[in-house]
Amino acid sequence: MERMKSNDQFEMIVQKYWEGILGDWVEEQLSSTGTRKELFSKEELRTQSKEFILLFQEAISAGDLDPYQPHWGKVRDFLSNLSRSRGENGFSPTETATFVFSIKKPLMARLGKEINNDARLLFEELSRVSNLIDKLGLFTTEVYQKTREEVIRRQQDELMELSTPVVKLWSGVLALPMIGTLDSNRTQTVLEALLQKIVETEAEIAIVDITGVPTVDTLVAQHLIKTVTAARLMGAECIISGIRPQIAQTIVHLGVDLGDIITKATLADALAVALQRRGLRVVAVQAPRALQTEASF
Amino acid sequence: MEHIPILRMGPFLLVTIQVDMHDQLAMTLQDDLTNRISETGAKGVLIDISSLEMVDSFIGRMIGNIAGMSRVLDANTVVVGMQPAVAITLVELGLSLKGVKTALNVEKGMELLRKSLTESDIEEVGLDREETRNHGLTVCH
Amino acid sequence: MTVRKQEIMALRSVIDVSAARQKVRSWATELRFSIVDQTKIVTAASELARNTLIYGKGGTMRLEALESNAKRGLRLIFEDQGPGIPDISQALQDGFTTGGGLGMGLGGSKRLVSEFEIDSKPGEGTRIAVTKWC
C-alpha cells in the first residue's frame, strides 16, 4: 500500500507541476556548462524539453518506473533521436547526457516541496526518481556511444579510400598498393578508380599489389579478376603482385580460377615485367673515368 | 539512310562511333566496312568507341562480326577507347570480345596495327620501311 | 516503398529501343546513380527492350522511380503478349558469344541489376521486372 501510494504521489506531483518543473529544468540546462548555448535558442530548448516532459509524464502514469519496459518506448525513442543527432553533430558525451541528468534537480526540488511531512516517504521517492533518471541518462549515453562508433567507422572507410592512391611508377606503368582488410564495397570502389586512372594517364600496365592485405575472400578475388578483365578490354594489362603463401592457398581452396592473369610474388618482380613489356631495360651506370683504372675492358 | 563515316589512314580504316547507334545503323556500318576493306585492300580497322557510353550484346556482336570479317579479308581490327564503366559492365554481362585486340586510344591502336603488318603487307600497300618505322602515316583518300 | 514517378513507353521498333535506352539513362542520372550503375542499368534495359521487341514481337517498358527507407531505386518492367519463354532456366543460363550465338542473355542482364523477376508462359506473353538500387 505504501508503495502504490508513493508512485501515485510522484505521478500526481509531476502531473500537477510539470510546467513549473519544465521551466526550472530549462533554466538548469541553460545555466549548466554542459549545454551548447550557441547551438540552441531558448525557444528550441524549451520545445524539446517540453516534448520530453510530456512523454515522461505519460510513461510514469502508464506503469512502473523501469525505463526498459514497453510503456517507456516513446521516451526511449525520443532520447535515441536526441542522442543520435548530438552524436552525429559532434557534441561531447556530457553535453548529450546533460539533457537528461539536469532534470533531476528540479524534480527533486519539487518533491521536497510537496512531500514535507513524511521524511521516510520523501527519502523513498527521491531514491526512486534518482534511480529512474540515472537509468535514462545511461541509456542516452549508450545510444550516443553507438552513434559515435558509426561515425568513426564511416570516417575510417573514407580514410581508407584516400589512403589507397594510384601511383605512377614509370611512364605507362601504374601501381595500386592495397593495404588492410578489403571488403567488397571498398575493393570495388578502389578498383574502379584504378580503371579511371588508367584512362587518364594512358597507362598500359597497372600493378595491383596486395602485399598489405592479410586475407582475400571469394568476392574480393572476383573483383580483382573482373578488374583485370575490364582493363584488358580497355587495352591495358594488370599484374597482381604480393600474393603471400596464405592467400595463394585461399585462392586455390576457394576454387578461384585466375586464368591467364599475370601474378608476381613481389611488387619489384611485377615492375621488372612491366618495364620489360614497355621495351625498357635497367642497366648499371658506368663508373666515372677516374675509377676506371684496372678493371676495364 | 544514314551512314557512319569511314576514314582512310594509309593502309588502315578508322571508324569513330559516337553516341547511341541504333541497330539498323550498326548493320549498315558492318556492310560498309566490309565493302571498304575489300575496295581499298586495307590491312587494319580501328574502331574508336571512346564516345560510347554503353555497349550491349548487339554492339558487342557487331564488333565481333567486324573483326571476323576483317580477318577473312586479311585485315586486323583494334577497338580503342573503351570507357571503364563500359568495360566493367561488359565483364559483368559475360561478353567476351574474343579475337578483338584493344588499345587505350587511337594513337596506341595505330601502333598496334602497324606492328602487326607483315613484310608482304608493307610491300603490298606500297609503303617503304622508313615510313612505317617513323610512324609516317597521314590521312589520305 | 513508394513509386515517386512512372512512365510507360512502347517498344515497337528499333528506334523505340534506342529511345528507351535514352530515357533510362536520363532517369538514372536524375536519381543520381553512379556512372557505373547508370551504365549497367542502361545496358540491361537495352538487352531486355530488344528481347521484348524481337522475341516478344513488341511490347512496352514501364519505368518507376522508387523510394524505400531513404534508398532510391529504378524499376523497369518489360511486358509483351508474345509467344512466351518455354524454358526459363535455360534462358537464364544462356551466355553471349560474339560468334553470332543466339540466346536472350537474360543471365547477363540479371547480373547487372539488384532484383530480377520473370513471369512467362508459352502462349501468354512475358513480363520481366528489374530493379536497381542506388
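This is a predicted model: local features need pLDDT of at least 70, side-chain atom pairs count only at pLDDT 80 or more; totals for chains, interfaces and linings use all residues.
Residues are numbered from 1 along each chain as its sequence is written, and chains are lettered from A in the order in which they are written. Local features need pLDDT of at least 70 and side-chain atom pairs count only at pLDDT 80 or more, while totals for chains, interfaces and linings use all residues.

**Exercise 1.** Describe the side of chain B that touches chain C.

*Solution.* Start with the contact itself, where two residues count if their C-beta atoms, placed from the backbone, lie within 7 Å. Chain B brings 22 residues and chain C brings 23 residues. Next, look for helices (DSSP runs of H or I, at least four residues, numbered from the N terminus). On chain B, helix 1 (23-40), helix 2 (57-72) and helix 3 (84-93) each supply at least two residues. Helix 3 of chain B has the largest share, six residues.

**Exercise 2.** Now turn to chain A where it touches chain B, and find which helix gives the most.

*Solution.* Here 14 residues of chain A meet 13 residues of chain B. Helix 7 (184-201) and helix 8 (218-234) of chain A give two or more residues each. Helix 8 of chain A gives the most, with six residues.

**Exercise 3.** Check the span of helix 2 of chain C, then its burial.

*Solution.* The expected span is 1.5 Å times one less than the number of residues. For the 20 residues of helix 2 (residues 35-54) of chain C, that should be 28 Å, and the end C-alpha atoms are 28 Å apart, which agrees. Finally, 17 of the 20 residues of helix 2 of chain C are buried (20 or more other C-beta atoms within 10 Å of a residue's own, all placed from the backbone).

Terms used. A residue is buried if 20 or more other C-beta atoms lie within 10 Å of its own, exposed if 12 or fewer, and partly exposed in between; C-beta atoms are placed from the backbone.
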